[in-house]
Number of protein chains: 2
Amino acid sequence: MSASIHHIGRDDAPSLEPLMTLVANDMNAVNSVILDRMQSDIPLIPELAGHLIAGGGKRMRPMLTLAAAKLIGYEGERHFKLAAAVEFIHTATLLHDDVVDGSDLRRGKTAANLIFGNPATVLVGDFLFSRSFELMVEDGSLKVLKILSSASAVIAEGEVNQLTAQRKIDTSEDRYLDIIGSKTAALFAAASRISAVVAERDEETELALDAYGRNIGIAFQLVDDAIDYSSDSETMGKDAGDDFREGKVTLPVILAYARGSDEERQFWKDAIIGHKTSGDDLAHATSLLQRTGAIEDTISRARHYGQRAIDALGTFPAGKAKAALIEAVEFAISRAY
Amino acid sequence: MSASIHHIGRDDAPSLEPLMTLVANDMNAVNSVILDRMQSDIPLIPELAGHLIAGGGKRMRPMLTLAAAKLIGYEGERHFKLAAAVEFIHTATLLHDDVVDGSDLRRGKTAANLIFGNPATVLVGDFLFSRSFELMVEDGSLKVLKILSSASAVIAEGEVNQLTAQRKIDTSEDRYLDIIGSKTAALFAAASRISAVVAERDEETELALDAYGRNIGIAFQLVDDAIDYSSDSETMGKDAGDDFREGKVTLPVILAYARGSDEERQFWKDAIIGHKTSGDDLAHATSLLQRTGAIEDTISRARHYGQRAIDALGTFPAGKAKAALIEAVEFAISRAY
């Protein structure tokens, strides 16, 4: 059936709306769990956690859990608590990232650590992380616990890997893919997969959802890394050029370095070790990225993983859930334009 | 039987030796798990974790898990992995504490964050924390997972509570006890309790071991807080007066403030908000603590909790394990002298 073939294209203006509409009711239930379980007798905990959680964010990961459940026809409610657990893990890593990166903006607001300090930000991250495991334990599936504890360890490994690659211009595309596969895609994969576990579907279903999540996660990260050089802080909700100033070697830089002249490579070497941090330097970097096609080809790579995400859904029945998950991939890619 | 009555005394020189001897073989197995599971393909992870783990520490918490198992006659090996998980949770909190406190010394060595930086220290803490849950999931007891995930959340709450009490001279003894009950005693309690869970003993046994762990944990923390004012950095493995300089309101300070003259109270107010940080100030603080009996009475309070720990063991059969656990309490108190 030709209807089951979907190629990524840019003709339309893809949106997250179908996905958000699909899971709107269920997301209310998840948000209730989130708000309820971030409470504590220690007032600073909900205050600090609320700064980030109430501050928005797309709730992509819990949306994937909820949409995957719709896709496979799961009728229960166990995944509400687990989707909240996934969001808590994500929130904990964001709080710790704020301390690690020292960025000024997160989701368009001042980063938590700049308001509450590094100590409180680290500790509230730890609290949310512990709380996420409490939620999983309440659900009681050892299989889910295994998937999410493993994902958490992989995320931390990916973050440390990224840290040790920082300011190293000779980082390879393979290593970069390892890093984003761990720090970003592992939680997307787990978020999608766990619905198949609570619905007690077969392993092929689990693995297909895992592959969807992993690949859309990589696509999201690649596009994020591209728009860090090509957008403004208002659109992004964080400062443009953060990666550049922090000496993060992302795929756009890896491609521009590989394709550049000797002179350009010297510029990149200087920039990544932190000797080129002005606005003019960032503008020069962006022009090099454009001229070498590094931005465009980063998006091409994202499109490749997006296509794999869509194809991982191939055997699932057509319907609103599948259409929404496919359009979410289109949306991930389209943010670059 | 008079043999079952044991009062804390100072006549002998109590030591941890009996406890260490009791669990020496089992601790080798636990250490193997620890060394094996702190590995990662990312070299910085074992390097940073190893700095703290290989750096020693008494391994008090896993020792309690192992000794509790001996006390109740558990013959299996499941608790080896769980004792390692407990030590990983503890290590993760120490790494995050280093970032939170900004102390220079830990276990007599330079604090990890001063060597490896705050970012790596936070992230490796996250890794060890995730790894601890992976170990618990491998064991597969939801009850153990519940006990340790709950303890982890309580620890984080206690740390945040301590942070918000910092530099507040009006912190009450009750609030202080809440803080140390959470940040320190909760993990001691969980460490002792989980052996009864894997051994499938009744709830009374679980609760008795929990009470032993909680009370020896409080005793340890009280004595730690006392010797922070009365020892030297070589003995402690951390800098003397750290609490004083960081404006931590511990029980010695709470007692000295309550018992002091108006002038002395003004000194404490100034000191705790950070206006008295010199060596002379610390010497003056120490003399006030001695004169008001604050140090001595902090140890008296510790002795009270120590006695409760010992009495919690009342119904367990006499033998090497019980004797070692009792002497561990004596040791905890005796460190003050």
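Across the interface of chain B and chain A, the search finds zero salt bridges (a salt bridge being a side-chain nitrogen of Lys or Arg within 4 Å of a carboxyl oxygen of Asp or Glu). Over all chains of the structure, 34 salt bridges are found. This is a predicted model, in which local features need pLDDT of at least 70 and side-chain atom pairs count only at pLDDT 80 or more, while totals for chains, interfaces and linings use all residues. Residues are numbered from 1 along each chain as its sequence is written, chains are lettered from A and ligands numbered from 1 in the order in which they are written, and side-chain values use heavy atoms, with hydrogens and water left out.

**Interface of chain B and chain A**

- Contact (heavy atoms within 4.5 Å) joins 35 residues of chain B to 35 residues of chain A.
- About 3200 Å² is buried between chain B and chain A, and carbon and sulfur atoms give 79% of that area; buried area is the accessible area (1.4 Å probe) that two parts lose on being put together, summed over both.
- B:Leu123, B:Glu157 and B:Val160 supply 17% of the area that chain B buries against chain A, more than any other three residues.
- Six residue pairs, both members at pLDDT 80 or more, are in polar contact between the chains; a polar contact is a pair of N or O atoms within 3.5 Å, where within protein one must be able to donate a hydrogen and the other to accept it, and residues adjacent in sequence count only if both atoms are side-chain atoms.
- On the side of chain B that touches chain A, helix H2 (44–53), H4, H5 and H6 of chain B each give two or more residues (helices are DSSP runs of H or I with at least four residues, numbered from the N terminus).
- H6(B) gives the most to that side, with 14 residues.

**Relation of the copies**

- Chain B is superposed on chain A by a rotation of 180° with 0.0 Å of shift along its axis, at RMSD 0.0 Å (least squares on the C-alpha atoms of residues with pLDDT of at least 70 in both).
- The two copies are thus related as by a two-fold rotation axis.
- The copies meet through the same surface, because 100% of the interface residues of chain B are also interface residues in chain A.

**B:Ser152**

- B:Ser152 lies in helix H6 (residues 142–165) of chain B and is buried, with a relative accessible area of 4% (buried means under 20%, exposed over 50%, partly exposed in between; 1.4 Å probe, protein chains only).
- Leaving aside neighbours within four places in sequence, B:Ser152 is in contact with A:Ser130, B:Ile89, B:Phe129 and B:Phe133.

**Salt bridges within the chains**

- A:Glu138 and A:Arg37 form a salt bridge, with the closest N and O atoms 2.7 Å apart.
- This pair links helix H5 (residues 112–139) and helix H1 (residues 17–37) of chain A, 101 residues apart.
- A:Glu138 is partly exposed at 39% relative accessibility, whereas A:Arg37 is buried at 16%.
- In chain B, B:Glu138 forms a salt bridge with B:Lys81, at 2.9 Å between the closest N and O atoms.
- B:Glu173 and B:Arg301 meet in a salt bridge of 2.8 Å, N to O.
- A network of salt bridges links A:Lys143, A:Arg193, A:Glu206, A:Asp210 and A:Arg214.
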